[in-house]
Each structure stands twice: as structure tokens, then as C-alpha cells.
Amino acid sequence: MSGQKITEKLSYLTDIITSYDGHEQRIKLRQYPRHYYSYDYSAMSKYEAQWLRAMLRIPQQETYYIPMWHNILYIQEEAYKDSTVLYIDPDYMYNLKDCTVIEVFAHDDVPSTNANFYTPVKRYGGGFIGLVRRLPRNLMPGASWIIPLKPCRLQSPYELNYIYSNGTETTINFEEVLYHPQMNIPMEFEINYSSTEYFNKYNLPTTYNGREVFTFLPDFVNDDDAKMSVNKNIVRVDNTTGLFTYDMKNTKSYDTHTFTITMGDKRLINNMHIFFNKVCGRFKSFYTPTWANDIEPSFDINKEEKVIYTRVQLAQYYKYNARSRLIVVFTKDYKSHIFKIGEMESITLEDKLDYTKIYITSDIKETIPKNKIFMISYLQLVRLDSDDIEFDYETNVVAKTELSFKEVDDDEPNLNTGTTVNS
């Protein structure tokens, strides 16, 4: 049977109460996310078509162990018959989160009745799986792989397409049975990010002022891979006679950025899982760069002067905006420098040109030459704009997702100190 597409979804539930001045009170209503899987199937024979149609009619309360085809693991060392230990790459331990049963596939040119087998897991360690049952045969690295099995129920409604009288195409949607097993992977693999180049290319801190920092690079391939909208906390008061005014609840603007993110490494996919579980959908706020060139500097950023000059006339637009702003300076040697900025003013320098002068109100540890600056982006305090995240898998190691980040007014800790992060 041919599987064409896999979609995985995690779903939290957050209740949000927004006050008059824009502050939010958020309540997490779901301790663990619900987990959904969608598999596309095309029956390759009459038998498979009949099996698919029959499967959609099973009782709703039935639980089946479903292979997690997108979470394949590979054996790292040769395992011998009667052994109860399989060694795997520790970077992929997260693939086995909440998994208590695995299926072992052994590729062999000689047919064997015990080539593939199921076994419950006894325990996990730092890079190994302890099995309840002994291995029925030898397993070789590169020729054997592990598929986690998860207990799931079918979601309704069910639909399928007939391909003449014998064929069938359908998408089967599964919901993982919500439970948290006592036997699980070590906690360090659930909370620590794996090291991979494209997870944090510019060496941002993974936490800042006690909050997570979103370090994934967005796509800039298609025209709609990145979008931004700006809202204001105002109400238009219209008396229907043609006159109207605005009730200004506050003088801040609220950005919403939407990014498409491609993860070309399973460790990167797992890091996205870990990040989403840390912020719990819409529940927790975190920091993210806008990943846009928000300020184009005209000169070096001098550690003594502590200002940024730019030719763009920003002062008139930000003069009455009460939003406190952080910036992150990305340099060509893959370092990041985080600063708080204050007032902006229009100024004419000795070259008779008009500039915007932006004051930096936090410490600068070193002068940053203009020719070493790759980009200056705003670093915004945001939350996710949805309690759901979807992973669309192209292969078991390549997936895409789309996330929206909504700027918020959560109380911020003291931001008087600048931060420089070295590679």
C-alpha cells in the first residue's frame, strides 16, 4: 500500500482574557497537547482496497497501535540474537517520546519469518532502548530500523475515493490516545534542544530575560512565505452622521508576523516539537526576531556613542508609539547582539544629509563596524496566534510548518543590560 503524505498536529487549549488596555491573562486548559496524524493511502490491489474500506468501519472505541512512519530511527551498533538492547543515536531519542512499543524492521534479501517483529520497551537510556523480549535474530546497522508505535483511534467522519471498482484512495486521520506513560525517554531529551546548524545559525540565546527565544530561520523562497500585519488597540466611534473619532485604548502597535519554516533535519523537527511544548501553544510569551531588515545603519555602532544613525526617517512614525523596543544586530560572523533602544530623533549631520538618530539605552560591549553588520531586526515579545501546530512531512526528515506570532504586552523584566552572544 502506498502512503503519499503525512501530516502531524499538536493541539493545546488556551483561554485568553484581554483587558481594556491590551494586557492578556492566559489560562492553560490542557496539560498535554492532543496529538493527531493524517496518512494518505492509495490501495495498490483489490485486497488493500477492501481492507481500507473495512478499516473505516471499525468501532470508534477500538484502539490500534499505528506506526509513526515519520519517526524512523536507525540502529547504530550491531545487535545480536537474544540481546535485549538496541543502540541508537541520542540525537533522535525524542522520536520515542511517549512510546512504549516499537516495531523492528530488518531488510534482508533472504525471506525470514522473524525479519520484522514487535516488542514492548522496558526502559530508555542515553542512546539505547531496553527491550522486554529478546531479539529473534541478528540486526546490522544500515539494514535495520525502528518504527515507534502509538496507541490511536480513528477520527470521524471518514471519506474515500473509489478508483473504479477495485481501487481506493483515502486519508485516514488518527488521534493518539491521550496518556503520559510512566516509562518514558530521559527528561533531558524532552527539554534540551539538539545541536544543528540551521536551528540557531546566528547563535541567539535560547532564553532571554527568562523567556524562550525563537531561533528557527523562516523561508524566503516564495512571495507568501513571510507576511506581516499591524493592529492598534483602538475603537472607532461613529455616530452615523459622517463624523467619527477613535477611542485610543493605548498608543502601542501590535505586529503579527507569519512565517513558513522548512525543517530539513529530523533534529530540527524535534526541536520545533520541544519549543512548541515549552510555550504550550498560545499560553506563554517568548521573543522572536522579525527576521526583516528593520533598521539600515549608516555608520558603525560605536560602543561609546551608543546611537544608530539611519537615513530612513523613522522618528516621525515612532514618536508617539509607546512600544518599548529591543533590536538584535546580526553580524556576518554569525554573532548576535541584543540591545534596548529608546528615543528617536531627526537630525542633520555635517554631510548636510538628514538622519534618524536612535538611542541605545543598554550597554554595548564592543563597537560593531557597519561592514560587518548583516541585518538589524526588532526583537519582539510575542505569543503564538494559534494553539495548534501542523507538520507537513515531505520525507521522514523534511517537514514544513506555518506559524503566526502576535505581539503582546506581557510585563517585561528589567532590560537595562545588553547581551552579546558569541559563536
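Predicted model: local features only at pLDDT ≥ 70, side-chain atom pairs only at ≥ 80, totals over all residues.

Colleague: Which residues of helix 3 are buried?

Modeller: Burial here means under 20% relative accessible area. The buried residues of helix 3 are Lys266, Leu268, Ile269, Asn270, Asn271, Met272, His273, Ile274, Phe275, Phe276, Asn277 and Val279. As a general idea, an α-helix has 3.6 residues a turn, so residues three or four places apart point the same way.

Colleague: What is the span of helix 3 from its first C-alpha to its last?

Modeller: Helix 3 reaches 20 Å, which is close to the 20 Å expected at 1.5 Å a residue.

Colleague: What is found at the ends of helix 3?

Modeller: The N-terminal end is capped by Asp265, which places a side-chain oxygen 2.7 Å from the backbone nitrogen of Arg267. Just after the helix, Cys280 adopts a positive phi of about 55 degrees.

Colleague: How much space lies in the largest pocket, in Å³?

Modeller: The largest pocket holds about 630 Å³ of space. It is lined by 31 residues, and those closest to its centre are Tyr32, Pro33, Lys97, Glu190 and Asn277. Strand 1 (2-11), strand 4 (34-42), helix 2 (187-191) and helix 3 (266-279) each give two or more residues to this lining.

Colleague: Which element supplies the largest share of the lining?

Modeller: Helix 3 does, with six residues.

Technical notes
Residues numbered from 1 in each chain as written. Heavy atoms only, no water. 1 Å grid on protein atoms, 1.4 Å probe; cavity = no way out; pocket = protein on both sides within 12 Å on 5 of 7 lines; lining within 4 Å. Points joined across faces, edges and corners; volume = space filled by probe spheres on them. Helix = DSSP H or I, 4+ residues; strand = E, 2+ residues; numbered from the N terminus. Expected span 1.5 Å × (residues − 1). Buried < 20%, exposed > 50% of the residue type's maximum accessible area, 1.4 Å probe, protein only. Polar contact = N/O pair within 3.5 Å; in protein donor to acceptor, adjacent residues only side chain to side chain.
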